Amino acid sequence: MNKKENSTTEFKEILNDKLEREVVAFLNSPKGGDIYIGITDDASIIGVENPDNTQLQIVDRIKNNISPNCLGFFDVILEEIEDKHIIHIIVTRGTEKPYYLKKFGMSPKGCFVRLGSSVQPMTTDMIEKSYSSRVQNSLRNINSPRYSKHSFAQLKIYYQENGYSISDNFLENLDLYTENGKLNYVAYLLADTNSLSLKVAKYLGTDKQDLIENEEYGYCSLIKATERILDKLEIENKTFALITGAAKRKERRMINNRALREALINAIVHNDYSKEVPPLVEIYSDRLTITSYGGLVNGLSLEEFYSGRSMPRNRELMRVFKDLDLVEQLGSGMHRILDFYPKNIYKITDNFLEICFPYEKEYTDYLKSEKRQDNSKTHQVTHQVNAKTQQVTQQVTQQVKKLIVSFENGLSSRGLRKLLALKDRNTFRDGYLDPAIKLGLVEMTQPNSPNSPTQKYRLTDKGLKLQEELRKLEEGINE
C-alpha cells in the first residue's frame with residue numbers, strides 16, 4: 001500500500017479499545033481522516049478475520065460510545081487489498097465539536113484531536129474554544145416550522161422496503177428532535193407534507209427566455225421528491241445511438257447518468273435549507289444545471305472539495321439517504337462526477353454551488369442526422385402498422401410506450417418499476433401503469449382483488465399487438 005500514516009491516515013493492525021479515541025480525534029480535526037484496520041504501522045497488509053462481524057462491531061461502538069451523535073459523519077466499508085479483507089473507516093470533520101467519549105464526558109479524558117500521526121488529549125482551553133464555536137444553526141437544532149401534526153408514513157415505507165424494522169423510537173433514532181423535545185427542521189423535510197418545493201424548469205433554447213416546463217416536486221417527504229426528480233431526469237436524459245466502425249451501434253446518454261444522479265443527490269443532501277432556498281434543476285437545449293444554496297461547507301477548501309473529502313452540511317439527511325441506498329460511501333459522489341467531467345463544470349460562490357453538464361457533442365450531431373433520416377425511415381416502417389394500431393399509438397405517451405416495449409408478463413408493480421429503473425411508485429403509477437390500464441393495454445392477473453399483495457400484470461391482446469408494432473418500429477429506425 002502506498003499510503004503512510006499522517007494527519008489524515010491511521011493504520012490499525014487489529015480492532016482494539018483505542019478505536020473510539022481515533023474516531024473522536026478525526027471528528028475534532030480540521031479535515032477528518034481515514035482509519036484502516038488490517039494494516040500494520042509500516043503499511044503491511046495482514047487483513048481482518050471475520051470482517052463482517054468486525055464491521056458491525058465498529059458501527060455499534062461508534063454509535064453508542066461517542067457524543068454528540070456522529071451518524072452521517074462516518075462510513076465503514078469493506079475493501080480488498082492483495083486478496084485480503086481490510087476495513088476502511090471514513091471519518092469527516094464534525095460540525096458540533098468537541099466530540100468526546102461518553103464515559104469521560106467533555107473533558108481532557110474524553111476529548112481528543114489529531115496532531116500529525118498521533119492522537120492527543122484536548123486541553124480545557126481547546127475544549128472551551130471548540131465548544132464556543134460549535135455550529136448552532138444546524139437543522140437538528142432548528143424547530144420545525146410546521147405547527148400541525150407531522151406524519152411519516154412515506155419515510156417508514158422507504159425504510160421498510162430497505163429491510164429496516166420500524167420501532168417506537170424510529171424518529172428519535174433518526175435525530176428528528178431538538179434538545180427541547182420538539183420535532184426539528186430535518187423532521188419537517190422528511191415528513192409526508194411540508195412547504196418545500198423543488199423545481200425542475202425546462203427552456204426551449206440556451207437562455208431563460210422561453211420557459212416550456214416548470215414542474216414542482218415537493219410538498220412531500222424529501223426522499224419522495226428526490227426519487228421523483230431522479231425519474232424525471234431519467235426521462236429527460238435521452239439515449240442516442242452512435243454508429244462506430246464496422247457499422248456497429250453504440251448507445252450513449254446526453255449526460256453521463258451516474259454523474260447526473262450523484263450531482264442531484266449531492267445538491268439535495270448538502271443544500272442549506274435553513275434559509276428556505278431549495279435546490280433547482282434547469283434544462284436548456286444545450287446543457288443541464290443543478291444549483292444548490294449555501295456554497296461550500298464552512299471549513300472545506302476547494303482542494304478538499306474536488307478531492308472528494310466529504311463534510312456533510314446536514315448529517316441527519318446524509319444518514320437517511322445512506323440508509324435508503326441513495327448515497328453510497330462518503331465522498332464517492334465527487335469521484336464519480338470528476339471521472340467523466342472536468343472541474344470547470346462547477347461554479348462556486350459564497351452562497352451558491354452550480355454544476356453545469358453540457359450535452360455530449362455527438363448528441364447534437366445525432367439530432368441533425370435523425371432529422372435527415374427520420375422522414376424516410378420512419379415513414380417506411382409506419383406504413384407496415386395497421387390503422388387500428390396507429391390510433392392507439394397516437395393516444396399513448398412516451399412513458400406508456402416505454403412500459404409496453406419493455407413489458408414482461410407476470411411481474412408485480414414493483415417488478416415493472418424496477419424494469420424501468422423508476423424509484424418513485426407514484427411517478428410509475430400516474431405516468432406509466434394506470435394510463436396503460438385505462439387504454440386497455442395492460443390488465444391485472446387478479447382483477448377482483450386490485451390491492452392484493454400478490455397482484456401481477458400482463459399485456460392484453462391489444463397490448464401485445466402494440467408491443468410487437470412498437471418493437472418493429474424501433475428496429476426499423478435502428479437499422
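Guide: Helices (H or I, at least four residues) and strands (E, at least two) are DSSP runs, numbered from the N terminus. This is a predicted model, where local features need pLDDT of at least 70 and side-chain atom pairs count only at pLDDT 80 or more, while totals for chains, interfaces and linings use all residues. Residues are numbered from 1 along each chain as its sequence is written, and side-chain values use heavy atoms, with hydrogens and water left out.

Visitor: How many helices and how many strands are in the protein chain?

Guide: The protein chain has 479 residues. Its helices and strands number 17 and 18.

Visitor: Which residue does a cis peptide bond join to serine 67?

Guide: Most peptide bonds are trans. Here omega is about -5 degrees, and the bond is cis. Serine 67 is joined to proline 68.

Visitor: Where is proline 98?

Guide: A cis peptide bond joins proline 98 to lysine 97, with omega about 0 degrees. Proline 98 lies in the loop between strand E5 (84–91) and strand E6 (100–101).

Visitor: Is alanine 43 buried or exposed?

Guide: Alanine 43 has a positive phi of about 70 degrees, although it is not a glycine. It lies in the loop between strand E2 (33–37) and helix H2 (51–65). Buried means under 20% relative accessible area, exposed over 50%, partly exposed in between (1.4 Å probe, protein chains only). With a relative accessible area of 15%, alanine 43 is buried.

Visitor: And glutamate 82, buried or exposed?

Guide: Glutamate 82 also is not a glycine, and its phi is positive, about 55 degrees. Its place is the loop between E4 and E5. Because its relative accessibility is 54%, glutamate 82 counts as exposed.

Visitor: How far apart in space are isoleucine 90 and phenylalanine 26, C-alpha to C-alpha?

Guide: Isoleucine 90 is in strand E5. At 6% relative accessibility, it counts as buried. In sequence, isoleucine 90 and phenylalanine 26 are 64 residues apart. In space, C-alpha to C-alpha, they are apart by 9.4 Å.

Visitor: Leaving aside neighbours within four places in sequence, which residues is isoleucine 90 in contact with?

Guide: Contact means heavy atoms within 4.5 Å. By that rule, isoleucine 90 is in contact with Gly33, Asp34, Phe73, Phe74, Asp75, Ile77, Arg309, Gln329 and Leu330.

Visitor: What is the volume of the largest cavity?

Guide: On a 1 Å grid over the protein atoms alone, a cavity is a set of points where a 1.4 Å probe fits but cannot get out. Grid points are joined across faces, edges and corners, and a volume is the space filled by probe spheres set on the points. Four cavities reach 30 Å³ or more. The largest has a volume of about 490 Å³.

Visitor: Which helix gives the most to the lining of the largest cavity?

Guide: Lining residues have an atom within 4 Å of a point. There are 32 of them in the largest cavity, with Asn266, Ala267, His270, Phe305 and Met334 nearest its centre. Helix H8 (257–270), strand E14 (287–293), helix H11 (332–338) and strand E16 (352–358) each supply at least two. The most, seven residues, come from H8.

Visitor: What share of the residues of the protein chain counts as buried?

Guide: Among contacts in the chain between residues at least 6 apart in sequence, 65% join residues at least 24 apart. Of the 479 residues, the share that counts as buried is 49%.

Note on methods. 1 Å grid on protein atoms, 1.4 Å probe; cavity = no way out; pocket = protein on both sides within 12 Å on 5 of 7 lines; lining within 4 Å.
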